[in-house]
Amino acid sequence: MHALPVVRYADLSAQPWKNGKGVSRTVLSDSDALGAWSWKVSVAEISQAQPYSQYPGIQRIQVALGPGEIDLTVSGQTRRLRAGEQAAFAGDDEVSVVPLGPGFLALNLMFLGEKWEASVSTLDSTIGNSPRNEVRILVALDNTCRVGNAELTRLDALIIPRDTHVTTVGRFHLATLIPRGTGTK
């Protein structure tokens, strides 16, 4: 198997949120030359109590990375998230967050709900082929992860090439995007 292209988290620059209230690093997306995207995986730094940006028409899945916990409020309902727990919500929901300690990070999968069905799972074992119509993204959770011959450290990521069998070592979050309907391209 040839070398897989790994996105190194340490090489990513912080970008301001759409509302300017926080920063995140885009790990992977299908953005075009104009910056438009139908899916995006990013890591947000939650350093203070702050509202989230709204993204009408976008669905979101947030996975707490830690350390510690956050209180996530979605449309008036507050839920405490610990590392590894996730919450799904619509991009136009009113969402705010309060970190319960310093240095909290959150993995975000944002996607056009009319185009994609999506999920995020945690795995620490071998996975097989990525079907032709799916987009599968691995995000390393430990500093000693491997996909095939590629060494990854915490929060490094890669897209599993379609129709390619990969073997993993270590713990990962796996984001899976499946096109909606048979007419989706």
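1. Four strands make up an open, antiparallel sheet, ordered β11-β17-β12-β15. Strands are DSSP runs of E with at least two residues, numbered from the N terminus, and two of them pair if DSSP finds at least two bridges between them. β11 (116-123) and β15 (157-159) stand at the edges with a single partner strand each, so one side of each has no neighbour in the sheet. From one strand to the next the twist averages 15°, where axes are lines fitted to C-alpha atoms and angles run from 0 to 180 degrees between N-to-C directions.

2. The model is predicted: local features need pLDDT of at least 70, side-chain atom pairs count only at pLDDT 80 or more, and totals for chains, interfaces and linings use all residues. Residues are numbered from 1 along each chain as its sequence is written, and side-chain values use heavy atoms, with hydrogens and water left out.

3. Strand β12 (residues 135-140) and β15 run antiparallel and are joined by three bridges. V139 lies opposite A157 of β15.

4. The largest pocket has a volume of about 260 Å³. A pocket is an open set of points on a 1 Å grid over the protein atoms alone, where a 1.4 Å probe fits, with protein on both sides within 12 Å along at least five of seven lines; lining residues have an atom within 4 Å of a point. The volume is the space filled by probe spheres set on the points.

5. Sixteen residues line this pocket, and W17, K18, S24, K40 and Y55 are the closest to its centre. β3 (39-46) is among the strands supplying at least two lining residues, and β3 gives the most, with three.
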